[in-house]
Amino acid sequence: LGAGLVQLAHLHTSPNSQAPVPALPEKGGKTRHGIIPEELFQILYPKTGVTGPYVLGAGLLTYILSKEIYIINHETFAAACMGTVIIYGVRKFGPDVAAFADKLNEEKVQKAQEVKDLAMTSLAQAIQDEKKEQWRAEGRQMLFDAKRNNVAMLLETNRRERVHMVTNDVKKRLDYQIALQTLHRRMEQEHMVNWVEKNVVTSITPQQEKASIAKCITDLKVLAKVQQAKTTA
Amino acid sequence: MADRIVPLGEKRLMDVKLGELGSWLGKRDFTPNGVLASIRNGHDRYYNKYINVKKGGIGGVAMLLVGYVALSYMWEYDHLKHDRWRKYH
């Protein structure tokens, strides 16, 4: 478990240090006449002043020439010519070449800087987006509540529809029963009425019919007489 | 200036007193790894002082070329001895 904890402590850390890279020095070590480091002149200055290293150089030159440690031969002439050309070239074209090289360097640095800036902006943007996503995730609770409400409403609607269906069906069945009963009663009534009528009509004998017709005629005559009397009066 | 006591083998050359030079040389690391390390160290010091800068002058390369010329002259000296103008100096 201890090893796991150690690994945990190294999460989100890198072995590279976070300090910014130190910038390159502006100028290199100084050299006098291009080939002799300035330190030699500084070392000899307290003892021999300004001309000390030059006197040292002259003495050394005399010594190696006189003892023929440096031998003057055809190569000396070649070296002298080459040296002249080189020194002339460096003196004349040095600054231009230096400016050109500086420009190249600057372009390189600028490109790297652009890449770095682009990476920084895109990463910062990614951080912003991530924070936004986190904020959105918090809002998901409200989304869930709304969805839960929706589902509850659907269920409620469904239940009410079914209740309506049940009541309608029950009502239809009960109406049917009522209609059936009324039909029964009506049919019984009509049948009874028809039967009574038929019996009454058949019970009227022809003799009774004549007698009733004669009675009706006498009644009508009386009525006519009364009416005549009324109109003349 | 009372710095902490530095063991002899780790002192820089300029801090070694003349009498201690022999023992200092004895303490130096002459194993192949040590030699390589000292070569690398010297290279890094020269490189970082004269070449790995923003505006390096001609000195950095010129000193290397002059050193090369001098070294090749020294290696060829036995050949060149025969071109001497005088026999006795």
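A: A:Asp145 and A:Arg148 lie 3 residues apart in helix α5 (residues 140–203) of chain A, so about one helical turn separates them; helices here are DSSP runs of H or I with at least four residues, strands are runs of E with at least two, and both are numbered from the N terminus. The two side chains form a salt bridge whose closest N and O atoms are 3.3 Å apart, the term meaning a side-chain nitrogen of Lys or Arg within 4 Å of a carboxyl oxygen of Asp or Glu. A:Asp145 is partly exposed at a relative accessible area of 40%, whereas A:Arg148 is exposed at 54%; buried stands for under 20% relative accessible area, exposed for over 50%, and partly exposed for what lies in between, with a 1.4 Å probe and protein chains only.

The model is a predicted one, in which local features need a pLDDT of at least 70 and side-chain atom pairs count only at pLDDT 80 or more, while totals for chains, interfaces and linings use all residues. Residues are numbered from 1 along each chain as its sequence is written, chains are lettered from A and ligands numbered from 1 in the order in which they are written, and side-chain values use heavy atoms, with hydrogens and water left out.

Two other pairs in chain A can be set beside this one. A:Arg136 and A:Glu133 form a salt bridge with their closest N and O atoms 2.8 Å apart, and they are 3 residues apart in helix α4 (residues 74–138), which places about one helical turn between them. Both partners are partly exposed, A:Arg136 with 45% relative accessibility and A:Glu133 with 43%. In helix α6 (residues 206–232) of chain A, A:Asp219 and A:Lys215 are 4 residues apart, again about one helical turn, and the closest N and O atoms of their salt bridge are 3.6 Å apart. Here A:Asp219 counts as partly exposed at 39%, while A:Lys215 counts as exposed at 51%. Salt bridges with shared partners also join A:Glu156, A:Arg159 and A:Arg160 into one network, and the count over all chains comes to 12 salt bridges.

A:His33, in the loop between β1 (31–32) and β2 (36–37), has a positive phi near 55° and is exposed at 60% relative accessibility. A:Glu68, in the loop between α3 (52–66) and α4, has a positive phi of about 55°, but this residue is buried at 7%.

Chain B has 4 helices and 0 strands, and buried residues make up 13% of its 89 residues. Its helix α2 (residues 32–51) gives the largest share, 8 residues, to the lining of the second largest pocket, which has a volume of about 570 Å³. On a 1 Å grid over the protein atoms alone, a pocket is an open set of points where a 1.4 Å probe fits, with protein on both sides within 12 Å along at least five of seven lines, and lining residues have an atom within 4 Å of a point; points are joined across faces, edges and corners, and the volume is the space filled by probe spheres set on them. Among the 16 lining residues, B:Arg12, B:Leu13, B:Asn41, B:Gly42 and B:Arg45 are closest to the centre of this pocket. The lining divides into 6 nonpolar, 3 polar and 7 charged residues, where Ala, Val, Leu, Ile, Met, Phe, Trp, Tyr, Cys and Pro count as nonpolar, Asp, Glu, Lys and Arg as charged, and the others, Gly among them, as polar.
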